[in-house]
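Before you go further with this complex, here are some notes on how the chains meet and on what the annotation record says. They are set out as numbered points, to be read with the structure open.

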Amino acid sequence: MTDTTYAVAKWRIRKPSVIPGFGLTLGFSLAYLSLIILIPISGLVWRTASMGWGEFFAIATDERTLRALYVSFGTAFVAGLVNVVFGVLVAWILVRYNFRGRRLIDSVVDLPFALPTAVAGIALAALYAPNGWVGSLVAPLGLKIAFTPLGIIVALIFIGLPFVVRTVQPVMEEIDSEVEEAAATLGANRFQTIRRVLLPGLMPAILTGFALAFARGVGEYGSVIFIAGNIPYVSEIAPLLIVIRLEEFHYEGATAIASIMLVISFAMLFIINLIQAWSRRRFGHA
Amino acid sequence: MHDNARSPAASARKPETFRDAASETPFVRHLLIFAALAYLAFFLLLPLVSIFVEAFRRGAGAYFDALIEPDALAAIRLTLLVAAIAVPLNLVFGVAAAWAIAKFEFKGKAFLITLIDLPFSISPVISGLVYVLLFGSQSVLGPLLKSHGIEILFAVPGIVLATVFVTFPFVARELIPLMQDQGTGDEEAALSLGASGWQTFWRVTLPNIKWGLLYGVLLCNARAMGEFGAVSVVSGHIRGLTNTMPLHVEILYNEYNFVAAFAVATLLALLALVTLVLKAVLERRFGAEIAASRKH
Amino acid sequence: MEVTISNIRKEFDLYPALHDVSLNIRSGELIALLGPSGSGKTTLLRLIAGLEHPTAGQIFFGNEDASNRTVQERNVGFVFQHYALFRHMTVADNIAFGLTVRPRATRPAKAEIRRRAAELLDMVHLSGLEKRYPNQLSGGQRQRVALARAMAIEPKVLLLDEPFGALDAQVRKELRRWLREFHDRTGHTTVFVTHDQEEALELADRVVVMSQGKIEQVGSADDVYDTPNSAFVFSFIGSSASLPVERRDGMVFFQDQPIGLATDATGPAQLFFRPQDVALTSEGAALSGKVTASRRLAGARIAEIDVGNDGNAHHIEIEVPLDAVATLGSEIRFRPTRWEQFAS
């Protein structure tokens, strides 16, 4: 009797249920979430807020900060584009074709998720350095990859590869081959079918994959710093600049750059959610 | 029988049954497969192979010397310790959060899920930075704790906290969609048969989610052992004391001790390979019981 | 457009889906391919469309051999079972698709394409929905968009795969009548696949009954119902009762008892009759059985009876007059008035 009245009273917060443990699990989750994530991030926000607009603006518009942000966002954008093209291609062959080693390849795609970033970083640096396997191949052409922004792009291509593949792949698997046959019976050739029927249907997934790879690329640190050369104004990424400011005990500098990056990350996250909500509403799938 | 073979689901899973009208010519097909494999070989396989080649550049002797060196052993011990603390913490959180989110309807649920995913969209360096700001010498908390003899920054607790932060969502985001799919029917049945809440959890819910749970733990562990950026910011890089394996790799590399750096790196690469194999096995054998196997 | 299918064979990975099928579809005809799943009816439809290629045999559109034409060149309107609408395109764009992918030389101007799409939308009674997306439509509406899209390319033949399969019963009935009217108005040669005999018999000019990759019978609804030419057709179309019989001395025997039916044939056979084609009788040779259940169905009573010796009884259903005694366990004697026998 008291139980039911209790449930009715709490109805505004949650629907009544016979299953126990709501208070315990939600309470623990919120406490843990607050301790580990929310309070530390609020510290960052509070620190930024107490900085004063003038100081914040000075750091944010500092030439070195701007260049570092430009390098981070620019290289992440280019790497994201490369991964869109090849990520869709890889997803396509994995979903559509049967070839020997397909399952192995399918698993290998996740390597960048599983391989610690520092390990990827030193491996790429060794490969693309002027005396490395790849570096020594392109050196005669006058091309330098490691210790330039090009090297950063290579590292971010590695890191971002699985994002596009893994967001596009399940959507591709859902494509009903009847749709392609319908296009064919209506006179569309294969190229028209892919360009006008398949790709538009995959577009929300491709955009999401790009945004995920881009967001990861902007914040990436471990795999980049070894290959980047870290030349201020040229190949110095924003996360590295945060670390440098910290090592100089210039906490305001680190905090300001971090909050700029955070705001942009949240904006990206918001955009991803918008894309998915829009596509679910319109086409009935994400 | 043939009518069944034509259902879209069947054809999606068996690419060899794709018909002419919905496929490319064999030439184009081979070209695309070749291009994709070449891309993967160049960007994924080549770096992986190079780790092992570099590690054995001076032979097996130098390789093993680098691994049994005291600082390397200390780094391995610390990495295992950090994972042994961080993974169980996030496991308990993951189960609790998934229970609250999947078994109940309440306000603010969608927002809570977004918050749980937050660490994935934050640069690892920032994940470390927030703890520096919280516990550093310039903060309020840092000096206070220090006066009581508690060291967080540039010590093991800081490394654990940063690792917990970056691996925070792994178990939860694996379990939430899985438990939402499973609904509350099994639990309600168990409760109606007289089981207590705990009995229901241990004997009904847990068996239902065990493979998804293992999958989340696997991914969580791989990231916990391999995390670099966040840990690098809070560790202070004290050799033999606050160096995890990835940090040890960095120090060796920056000292131009490449063979030793790559030797330690092979251990982490092997961890990644084992993770991939287990992941593939779980996906293949328990695909239906792993909710978000395709998402990350 | 007349369509002739000549000695078509189709094998999937050596599993034969169609054996040597020939069929002539007249111009303007509405024809149903009817059969259980696995009978090869959908395969035949897809072969006509060019979505599959025959292992052997030819397909003619009029006098022209279309066997080597690609699906794009065949110009058939195909309506898929689940409609296969392009879900990121509006209804209008879906309908216009076939026109917009034509090579520049034969592609109508944009305004003309729009006009044609609007006209088709009107024809399928969906005017005003051109800006909608497929997932904002009901099942029946999607079905009609799919039909309009197929009609937009002015197809030589219209092919429909289980056109009503995914709809609920009420909508199915409405659309069935509507499709018949649509066909009568446009006069297109139309072939549709169905496993629902009621649909086939009601809608089609002629029904092609298929089983196990072969055509069993081609004919009007009356033909296949009243004069089925095989045991399969008899048992597949409508309800029927069947008993194993022996024929000798000009008579039909069931379990060594004459049952009052005369025949010229000899040897073992399967006897078929419809439940309503029986007459109760009290004298002479007849079938007899024990009532195990009975139920009222509209103007008649259906009796379930066990015919034959205990331990080897055959369970069948027959229709009995409302005033007949059909209490549980009572004995009923009857003779089929119309029947067929197929040697076994």
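1. Which residue of chain A forms a salt bridge with C:Arg46, and how far apart are the closest N and O atoms? In this predicted model, the partner of C:Arg46 is A:Glu181, and the closest N and O atoms of the two residues are 2.7 Å apart. The count of salt bridges between chain A and chain C is 1, while the count of residue pairs in polar contact between these chains, both residues being at pLDDT 80 or more, is 5.

2. On the side of chain A that touches chain C, three helices each supply at least two residues, namely α10 (177-185), α11 (190-219) and α14 (251-283). The largest share comes from α10(A), with 7 residues.

3. Taken as a whole, the interface brings 23 residues of chain A into contact with 25 residues of chain C. The area buried between chain A and chain C is about 2,200 Å², and carbon and sulfur atoms give 59% of this area. Within chain A, the residues that lose the most area to chain C are A:Thr185, A:Leu186 and A:Arg196, which together account for 31% of what that side buries.

4. One pair consists of A:Phe86 and B:Tyr39, whose ring centres are 4.0 Å apart and whose planes are at 5°, so the pair is stacked. A:Phe86 lies in helix α4 (residues 63-96) of chain A, and B:Tyr39 lies in helix α3 (residues 26-55) of chain B, so this pair joins two chains.

5. For chain A, the unreviewed UniProt entry lists under "transmembrane region" several spans, including residues 69-95 and 256-278. In the model, residues 69-95 of chain A are 100% helix and 0% strand, with the end C-alpha atoms 37 Å apart. Residues 256-278 of chain A are likewise 100% helix and 0% strand, and here the end C-alpha atoms lie 33 Å apart.

6. For chain B, the spans that the unreviewed UniProt entry gives as "transmembrane region" include residues 111-132 and 152-172. Residues 111-132 of chain B are 73% helix and 0% strand, their end C-alpha atoms lying 27 Å apart. For residues 152-172 of chain B the values are 76% helix and 0% strand, with 26 Å between the end C-alpha atoms.

How values were computed. Residues are numbered from 1 along each chain as its sequence is written. Chains are lettered from A and ligands numbered from 1 in the order in which they are written. This is a predicted model: local features need pLDDT of at least 70, side-chain atom pairs count only at pLDDT 80 or more; totals for chains, interfaces and linings use all residues. Side-chain values use heavy atoms; hydrogens and water are left out. Contact means heavy atoms within 4.5 Å. Buried area is the accessible area (1.4 Å probe) that two parts lose on being put together, summed over both. A salt bridge is a side-chain nitrogen of Lys or Arg within 4 Å of a carboxyl oxygen of Asp or Glu. A polar contact is a pair of N or O atoms within 3.5 Å; within protein, one must be able to donate a hydrogen and the other to accept it, and residues adjacent in sequence count only if both atoms are side-chain atoms. Helices (H or I, at least four residues) and strands (E, at least two) are DSSP runs, numbered from the N terminus. UniProt positions are given in the numbering used here, feature names are shortened, and annotations may be inferred rather than shown by experiment. Rings of Phe, Tyr and Trp (its six-membered ring) pair if their centres lie within 6.5 Å; planes under 30 degrees apart count as stacked, over 60 as edge-to-face and the rest as tilted.
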